[in-house]
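Dear colleague,

I am handing over the structure below, and I would be glad if you read my notes on its sheets and helices beside it.

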Amino acid sequence: MADTDEPMVVDGGSGHTCEWEGRWNHIKKFLERSGPFTHPDFEPSTESLQFMLETCKILVIGAGGLGCELLKDLALSGFRNIHVVDMDTIDVSNLNRQFLFRPKDVGRPKADVAADFINRRIPGCCVVPHFKKIQDLDETFYRQFHIIVCGLDSIVARRWMNGMLLSLLVYEDSVLDPGSIIPLIDGGTEGFKGNARVILPGMTACIDCTLELYPPQINFPMCTIASMPRLPEHCIEYVRVLLWPKETPFGDGVILDGDDPEHIQWVYQRSLERAADFNITGVTYRLTQGVVKRIIPAVASTNAVIAAACATEVFKIASSAYIPLNNYMVFNDVDGLYTYTFEAERKENCSACSQVPLDLHFSPSSKLQEMLDYLTESASLQMKSPAITATIEGKNKTLYLQSVASIEQRTRPNLSKTLKELGLTDGQELAVADVTTPQTMLFRLCFTS
């Protein structure tokens, strides 16, 4: 081999060389020379490449359509210390676009297979898999990363991750410590449409600041799913909306979990029965999970474009060579090719990233059910199963909690009581916990006349 300024390292035990002449020449062109688009404060050097290769630690959340593309792009861009979190196993339907998987991998954890594939194919790269929910990992785990990239199909999971990074921020005399910021790069696809965004927690607009930008859920008319179903989706919605709360197959107050195979299997079987009664065909396990989780069909080319955009933003932030996206890019190739960037502005009264309790305006005669409806239906909150507690006469009191059957049954009568009857007062501070965030949110009750 010819002389080179790069060392040749042999991957221990495998016999594969981790470095060879010219391996990182494409990256060096960006890092070791200036140009018209480089950051004004950027100074070309060899240190940026060494940081990416040896020090920078990246977390990829999701090993599906976007996640597979992200892992490949990041590993080929010089990032070697990568962790990936995914709670799903591989299904046959994944194989048409999640290219790190093969038929023999069906049934195995996505995170494990994706990590094995990248580690085997890209010498020197070390991808560490975590086959679990993001909620199962604590603050210590997330604090170790320099940058976090999301390739998720769930708004709830995005919001939870957003809340976790906000909870890691450190303030000294109300001034944010920049060293506590972990940038979040978020990508999302919806058929032939997609978006990529850069979030600097505590500084720029967060996920909850822009909830209105996410597509509204498709809701079928109740009269149709209850009495005149025509589509397999109508049968599934009937079971999800009407039969599940009626039969409570897994106990009172247990919420239908789209990621729980036992829950989906129950809904699937009842949907098949409903479809047979109306001579409707097309109910499958995959469709059932898609309806319950509101999954939108994915397109491989869209995933590739959005993942490339996200990986580029990771490179910009890690190297400081270029100014990152500010802060939102939308992509659409339904009719031709269209991209547009804009700055999503931070909300002063954002429920997630503002530093003050949000005001809830209700009259003393409003019922607790009205407050619960507001928390779940408000476009700026969109909670799933809020648990409300308050300190009344010096005692911490749970006003309503849905996720635990025994407590839900005990607190259910409170829903029909007025706020005044519950002992709440003007200016009362309410603590609300929800699956959309790891942190309890504080609200201030403001009585209206």
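Two strands are taken to pair if DSSP finds at least two bridges between them. In this predicted model, strand E2 (residues 81–85) and E3 pair in the parallel sense over five bridges, and Ile82 stands opposite Val127 in E3.

These strands belong to an open sheet of eight strands with mixed pairing, in the order E3-E2-E1-E4-E7-E8-E9-E10. Its edge strands are E3 (126–130) and E10 (338–342), each of which pairs on one side only, and neighbouring strands of this sheet are turned by 15 degrees against each other on average, direction ignored. Helix H11 (residues 300–319) lies across E1, E4, E7, E8 and E9, running at about 170 degrees to E7.

A further open sheet has five strands in the order E11-E15-E14-E12-E13, again with mixed pairing. E11 and E13 stand at the edges with a single partner strand each, so one side of each is left without a neighbour in the sheet. The twist averages 35 degrees from one strand to the next. Within this sheet, E14 and E15 run antiparallel and are joined by four bridges, with Glu429 opposite Arg444 in E15. Helix H12 packs on the sheet, touching E11, E12, E13, E14 and E15, and its direction makes about 135 degrees with that of E11.

In H12 (residues 368–377), Leu368, Met371, Leu372 and Leu375 are buried. Seen down the axis of H12, the buried residues fall within an arc of 100 degrees, so they line one face of the helix. What covers them includes strands E11, E12, E13, E14 and E15.

Definitions and conventions: Residues are numbered from 1 along each chain as its sequence is written. This is a predicted model: local features need pLDDT of at least 70, side-chain atom pairs count only at pLDDT 80 or more; totals for chains, interfaces and linings use all residues. Side-chain values use heavy atoms; hydrogens and water are left out. Buried means under 20% relative accessible area, exposed over 50%, partly exposed in between (1.4 Å probe, protein chains only). Helices (H or I, at least four residues) and strands (E, at least two) are DSSP runs, numbered from the N terminus. The arc is that of the directions from the helix axis to the C-beta atoms. Contact means heavy atoms within 4.5 Å. Axes are lines fitted to C-alpha atoms, for helices over the stretch in contact, and angles run from 0 to 180 degrees between N-to-C directions.
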